[in-house]
Amino acid sequence: MKILVIGAKGQLGHEIKKQSHLSDHEFVFADIQGDGESIIQLDMTDPQQVQQFVTADTDVVINCAAYNDVEKAETDEQTAMKVNAYAPGLLADAAKKADALLIHFSTDYVFDGKANTPYTEEDAPAPLSAYGRSKLAGEKAVQESGCRYMIFRTSWLYSLSGRNFFKTIADKCAGSPSIKVVMDQTGTPTNAEDLAYFIMHIIENDMLDKTGLYHYSNDGVASWFDFAAAINQELGYTCSVHPCRTSEFPTKAARPAYSVMDKRKVKETFGVEVPHWHDSLRVFVMGYLFFQSI
Ligand SMILES: NC(=O)c1ccc[n+]([C@@H]2O[C@H](COP(=O)([O-])OP(=O)(O)OC[C@H]3O[C@@H](n4cnc5c(N)ncnc54)[C@H](OP(=O)(O)O)[C@@H]3O)[C@@H](O)[C@H]2O)c1
């Protein structure tokens with residue numbers, strides 16, 4: 001199979017690229033900036049470029065690219081919509097034409113956070129932010145295109161590449177005697193390596209006919225405070241991590257107070273176990289410390 005991965009320089013795309021070396025399929029990697037070697041330049045908001053790269057011989061398009069700056073999206077919703085909704089629509093149309101499967105990613109931020117039990121795929125989205133609205137519009141563009149698709153909503157991604165909450169907290173805890181982290185937003189962290197492994201599992205086990213909308217994060221429940229305290233502890237740092245309320249750190253974008261997602265559908269459909277976020281963090285920290293030491 002020929003598989004096009006867009007957003008190959010991002011957290012998830014990079015993890016898929018690493019794991020694809022074990023596959024016999026042909027992978028083509030793209031991002032808005034190529035690297036002159038293994039990643040080609042492709043702006044997915046440009047219809048001509050999408051036509052050029054999603055060709056009749058493409059079997060799967062994996063779209064890991066997105067506009068993920070939740071704060072900036074509040075003042076630049078137009079760009080967020082272009083990247084997170086218009087471009088997935090272009091990819092979906094091109095995938096339909098090529099009879100390819102589109103694997104696309106969305107977010108827990110499509111929910112308003114008023115629930116107190118995990119959100120299922122049937123629960124009604126009601127985004128609180130421009131970012132959430134743009135990602136929901138992207139889901140709809142893919143769903144309404146008539147292409148074969150899998151959409152995976154994920155949450156709180158972290159990895160060794162790019163900026164993310166793990167790295168921010170690791171840096172802060174290394175340099176400060178104490179930090180404050182919000183405890184009134186609850187969700188689930190997701191190690192991008194686990195999500196990439198799951199996507200490769202679908203490809204390698206020929207499960208591409210199981211189309212639809214799914215939730216995939218790590219298992220378990222955490223507040224940002226829980227996640228930060230665990231990062232500090234696993235890294236062996238002595239920083240004091242204190243809980244605080246969201247109101248102490250006002251932001252432009254409203255975030256859901258509760259965005260835990262129910263993973264039963266993904267587990268039952270694909271026969272996978274989903275690692276608990278703390279177990280996954282522990283494994284991740286070992287790799288992080290190893291790379292810090294070399
Ligand atoms: N990060 C999270 O916590 C999180 C949470 C929930 C859901 N998600 C979703 O999960 C997926 C993967 O996220 P991620 O964290 O791996 O993303 P990421 O690290 O932000 O990577 C996205 C990549 O896409 C590239 N890109 C942006 N615009 C593009 C365009 N027009 N054409 C081609 N490439 C473009 C970016 O380049 P530049 O960096 O140069 O812009 C970047 O390399 C996304 O759909 C995201 O919305 C992420």
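C147 is tucked away in this predicted model, buried at a relative accessible area of 7% (buried means under 20%, exposed over 50% and partly exposed in between, with a 1.4 Å probe and protein chains only). Its sulfur sits 15 Å from the closest cysteine sulfur, in C64, which is too far for a bond. C173 is buried too, with a relative accessible area of 5%. Its closest cysteine sulfur, in C239, is 3.9 Å away, again too far for a bond. The structure ends up with 0 disulfides, a disulfide being a pair of cysteine sulfur atoms within 2.5 Å.

Now to the ligand. There are 26 residues around it, and L12, D31, D43, N68 and K135 come nearest (near means that a heavy atom of the residue lies within 4 Å). Backbone atoms take part as well: a backbone N or O atom of L157 lies 3.0 Å from a ligand oxygen, one of I32 lies 3.3 Å from a ligand nitrogen, and a polar backbone atom of G10 is 3.5 Å from a ligand oxygen. Taken alone, the ligand exposes 910 Å², and the protein buries 78% of that (Shrake-Rupley areas, 1.4 Å probe).

As for secondary structure, α1 (11–20), β5 (101–107) and α5 (130–145) each give two or more residues to the shell around the ligand. The largest share, 3 residues, comes from β5. Helices here are DSSP runs of H or I with at least four residues, strands are runs of E with at least two, and numbering starts at the N terminus.

Residues are numbered from 1 along each chain as its sequence is written, and side-chain values use heavy atoms, leaving out hydrogens and water. Local features need pLDDT of at least 70 and side-chain atom pairs count only at pLDDT 80 or more, while totals for chains, interfaces and linings use all residues.

Notes: A polar contact is a pair of N or O atoms within 3.5 Å; within protein, one must be able to donate a hydrogen and the other to accept it, and residues adjacent in sequence count only if both atoms are side-chain atoms.
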